[in-house]
Amino acid sequence: MRSQFRRPRSSFGHSLVARFRVGLSDLDMLRHMTNGRYLSILDAARIDYMARTGLWRHLRRRRWHPVVVAQTISYRRPLTLGVRYEVVTTPLGFDTRNVYYQQTFRVEATVHAHAVVAVRILDSRGSSVTPDLIRALPVTFSVPSTLPPWVVSWVASMHTAADTTTNAGADTTIDSHLGGSS
C-alpha cells in the first residue's frame with residue numbers, strides 16, 4: 001500500500017484503479033479468494049483512493065475516520081492464486097450522512113465482482129461528520145450533486161429491511177449502530 005500513496009493525485013469523483021495479486025493467504029479451501037478477503041481489499045482500495053485524492057491526509061489530521069455502514073457485493077467469477085487483478089473505485093456521491101462508492105474487481109476487461117459501499121466519516125468521539133464538512137476540506141470534489149436513482153433505491157431497501165427486523169427488541173437500523181442521533 002505504501003507505494004500506492006505516492007501515485008499521482010486526482011480529484012475526488014474520478015474513477016481510480018488499485019492493483020493487487022491473489023496470494024496464498026487470500027485463498028479458502030476451494031482454492032479461490034475467500035469472500036471476506038474481497039471486503040478487506042475493498043477497504044484497501046478505498047483508502048488508496050482517499051490517499052490519492054488528498055482526502056485521507058485531511059481526515060487523519062482531524063482524527064476523523066471512515067466506517068463502512070452498508071455494502072452489497074456480487075461475485076461473478078472466482079479469483080485464484082497468482083492472478084493479478086485491479087479494483088476500480090468510483091465515488092457515486094453523498095447523501096445527508098454517507099458517501100457512496102462503486103467498486104469493481106477486474107482482470108483485464110472481465111468483471112469478477114462488483115460492490116456498492118456506504119461509508120460514514122466519524123470524528124474522534126464517534127460522531128458523524130456531515131458531508132458538508134467533508135466537502136469543505138481543501139480537496140477537489142467532482143462527484144455528482146445527487147445520487148443515481150438506483151443507489152437511492154438501494155439505500156431505501158436497506159432502511160426498509162432494517163426497520164422491519166428486530167433482534168430481541170434491539171433497534172437494528174443502520175444509523176443506530178453508528179451514533180444515529182449525532
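**Close-up 1. Glu108 sits in the loop between β4 (99–107) and β5 (110–122) of this predicted model.** Helices (H or I, at least four residues) and strands (E, at least two) are DSSP runs, numbered from the N terminus. Glu108 is not a glycine, yet its phi is positive, at about 55 degrees. Glu108 counts as exposed because its relative accessible area is 72%. Here, buried means under 20% relative accessible area, exposed over 50%, and partly exposed in between (1.4 Å probe, protein chains only). Residues are numbered from 1 along each chain as its sequence is written, and side-chain values use heavy atoms, with hydrogens and water left out. As the model is predicted, local features need pLDDT of at least 70 and side-chain atom pairs count only at pLDDT 80 or more, while totals for chains, interfaces and linings use all residues.

**Close-up 2. Arg63 lies in the loop between α2 and β2.** Its phi is positive, about 65 degrees, although Arg63 is not a glycine. Arg63 counts as exposed because its relative accessibility is 57%.

**Close-up 3. Arg9, Arg57, Arg61 and Arg62 form a surface patch of positive charge.** Arg62 lies in the loop between α2 (55–61) and β2 (65–75). With 35% relative accessibility, Arg62 is partly exposed. Patch residues have over 30% relative accessible area and no salt bridge; like charges are joined within 9 Å, and nonpolar side chains (Val, Leu, Ile, Met, Phe, Trp, Tyr) within 5 Å. A salt bridge is a side-chain nitrogen of Lys or Arg within 4 Å of a carboxyl oxygen of Asp or Glu. The place of an Arg charge is taken as CZ.

**Close-up 4. Asp95 is in the loop between β3 and β4.** Asp95 is partly exposed, at 25% relative accessibility. The C-alpha atoms of Asp95 and Asp132 are separated by 9.8 Å. Along the chain, these two residues are 37 residues apart.

**Close-up 5. The largest nonpolar core has 35 residues.** Those with the most contacts inside this core are Phe12, Phe20, Leu55, Leu79, Tyr85, Val87 and Phe105. At least two core residues come from each of β1 (16–21), α1 (35–53), α2, β3 (84–94), β4 and β5. The largest share, seven residues, is from α1. A nonpolar core is a set of buried Ala, Val, Leu, Ile, Met, Phe, Trp, Tyr and Cys residues joined through side-chain atoms within 4.5 Å.

**Close-up 6. The protein chain has four helices and seven strands.** From the N terminus on, the order is β-α-α-β-β-β-β-α-α-β-β. Of its 182 residues, 44% count as buried.

Note on methods: Accessible areas come from the Shrake-Rupley method with a 1.4 Å probe; for residues, only the protein chains shown count as cover. Lys and Arg count as positive and Asp and Glu as negative; His and the chain ends are not counted.
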